[in-house]
Amino acid sequence: MKSHILTEKHKLGLGGVAIGTAFEKLTDEESYEVLQKAWDLGIRYYDTSPWYGLTKSERRFGKFLKNQNRDEFVFSTKVGRLFKEVPESEVPPTMWKAPLHYDFEHNYTSDAIKKSIEDSLERSGLSYIDIVYIHDLSEDQVGDRYPYFLKQAKEGAFKILSELRDQGIIKAWGMGVNKIEPILDCLEAADPDICLSATQYSILEHEDAVDRLLPAVKKAGVRLVSGAGYNSGFINGRPRYNYKDVIPKGMTEKRDKITAIAKKYNIDIVDAALQFVLAADEFASIIPGASKPQQVQGNVNALNTDIPLDFWKELKYEGLIYEKAQIPQ
């Protein structure tokens with residue numbers, strides 16, 4: 001069994017998408033309020049990426065975290081894109097509301113991975129990175145170039161990250177993707193420690209992951225971190241689903257049914273969504289993002305809410321969660 005860097009105290013982390021201005025133009029001050037709240041509430045796992053805000057999120061996390069004791073927290077960031085500064089007129093259109101002036105290219109060669117880690121250390125001001133995720137090596141991001149980039153990663157990223165781990169330069173690595181297949185492909189070709197799975201496992205949508213992803217990572221001794229466990233805010237009532245404006249058919253009705261049952265038990269759907277993910281043995285952590293300190297507080301409250309077993313049994317009885325899915329006991 002692999003040794004694992006994320007322990008019980010890292011079950012709830014903070015993800016960096018919102019701090020990278022994914023949904024609104026968060027100011028530096030507003031982002032530091034979120035980070036300070038997370039720290040004050042005992043959160044000690046922080047995940048970001050140079051992609052978020054075209055390096056903005058990573059810089060913000062670093063500026064805050066370099067004032068903390070480095071041994072007290074786990075920090076993960078991502079590789080797979082290289083960034084170069086460009087004039088404002090040349091910044092490509094992206095999902096970010098207020099990105100910095102950078103352009104990027106996908107690159108999964110070993111040289112690019114080493115350069116990406118160097119750049120992240122420089123931007124963040126931190127002395128080392130605990131976990132490195134190979135970011136967006138997935139058909140939803142690179143399209144029909146996936147086989148090309150996967151081959152590049154097999155020859156480059158997978159090997160160099162294992163070497164850096166064995167040398168003690170990083171502590172762990174894995175995939176950070178929105179789909180199941182890239183994680184399965186990585187397990188087949190390499191020896192990752194931990195993978196960040198976004199948009200594949202939530203209380204609303206988890207059947208495929210239960211059948212294919214969880215058995216595979218369990219067999220490999222690899223742990224998972226959950227990204228988008230709230231379907232990027234849809235659980236909270238936001239008009240988006242997994243970072244897109246199109247809501248899949250039937251999801252609004254499903255969310256509303258779970259919300260109604262939750263009310264019967266005097267709990268919130270957010271409480272259920274967070275605890276549902278962590279009930280799966282394969283998940284070491286969930287890392288919801290936050291654009292306001294109150295959201296961080298809400299996540300901590302959700303972690304500590306007592307949810308009756310009858311609630312979960314009712315969801316299964318109503319067919320609202322998959323019969324094979326693990327539930328809190």
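Author: Helix 5 and helix 6 are roughly parallel to each other, because an angle under 35 degrees counts as roughly parallel and their packing angle is about 30°. The model under discussion is a predicted one. Helix 5 covers residues 146-155 and helix 6 covers residues 157-166, and their axes lie 3 Å apart.

On the side of helix 5, the contact is made by Leu 150, Gln 152, Ala 153, Lys 154 and Glu 155. Helix 6 contributes Ala 157, Phe 158 and Lys 159.

Leaving out residues up to four places away in sequence, Lys 154 touches Lys 159 and Ala 189. The C-alpha atoms of Lys 154 and Ala 190 are 7.7 Å apart in space, while the two residues are 36 residues apart in sequence.

The aromatic rings come next. A search of the whole structure finds 18 aromatic pairs. One of them is formed by Tyr 46 and Phe 73, an edge-to-face pair with 6.4 Å from centre to centre and 85° between the planes. Tyr 46 lies in strand 2 (residues 45-47), whereas Phe 73 lies in the loop between helix 2 (56-65) and strand 3 (74-79), so the pair ties together parts that are 27 residues apart in sequence. Both partners are buried: the relative accessible area is 0% for Tyr 46 and 2% for Phe 73.

The rings of Trp 51 and Phe 104 form a further pair, with centres 4.9 Å apart and planes at 75°; the pair is therefore edge-to-face. Distant parts of the chain are linked here, since Trp 51 sits in the loop between strand 2 and helix 2 and Phe 104 in strand 5 (residues 102-106), 53 residues apart. Trp 51 is buried, at 11% relative accessible area, whereas Phe 104 is partly exposed, at 25%.

Elsewhere, ring pairs join Tyr 201, Tyr 265, Phe 276, Phe 283, Phe 311 and Trp 312 into a cluster.

Strand 2 also contains Tyr 45. This residue is buried, with a relative accessible area of 0%. Not counting residues up to four places away in sequence, Tyr 45 touches a set of residues that includes Leu 6, His 10, Gly 13 and Leu 14. Tyr 45 and Ile 286 are 241 residues apart in sequence, yet their C-alpha atoms are 9.6 Å apart in space.

Thr 199 has a positive phi, near 65°, and is not a glycine. Its place is in the loop between strand 8 (194-198) and helix 8 (207-220), and it is buried, with a relative accessible area of 10%. Asn 242, likewise not a glycine, has a positive phi of about 50°. Asn 242 is situated in the loop between strand 9 (223-227) and helix 9 (251-264). It is buried, with a relative accessible area of 12%.

Pro 239 is also found in the loop between strand 9 and helix 9. In this case the residue is exposed, with a relative accessible area of 67%. Apart from its neighbours within four places in sequence, Pro 239 is in contact with Asp 245 and Ile 247. A separation of 9.8 Å is found between the C-alpha atoms of Pro 239 and Thr 252, which are 13 residues apart along the chain.

Definitions and conventions
Residues are numbered from 1 along each chain as its sequence is written. This is a predicted model: local features need pLDDT of at least 70, side-chain atom pairs count only at pLDDT 80 or more; totals for chains, interfaces and linings use all residues. Side-chain values use heavy atoms; hydrogens and water are left out. Axes are lines fitted to C-alpha atoms, for helices over the stretch in contact, and angles run from 0 to 180 degrees between N-to-C directions. Helices (H or I, at least four residues) and strands (E, at least two) are DSSP runs, numbered from the N terminus. Angles under 35 degrees count as roughly parallel, over 145 as roughly antiparallel, 65 to 115 as roughly perpendicular and the rest as oblique. Contact means heavy atoms within 4.5 Å. Rings of Phe, Tyr and Trp (its six-membered ring) pair if their centres lie within 6.5 Å; planes under 30 degrees apart count as stacked, over 60 as edge-to-face and the rest as tilted. Buried means under 20% relative accessible area, exposed over 50%, partly exposed in between (1.4 Å probe, protein chains only).
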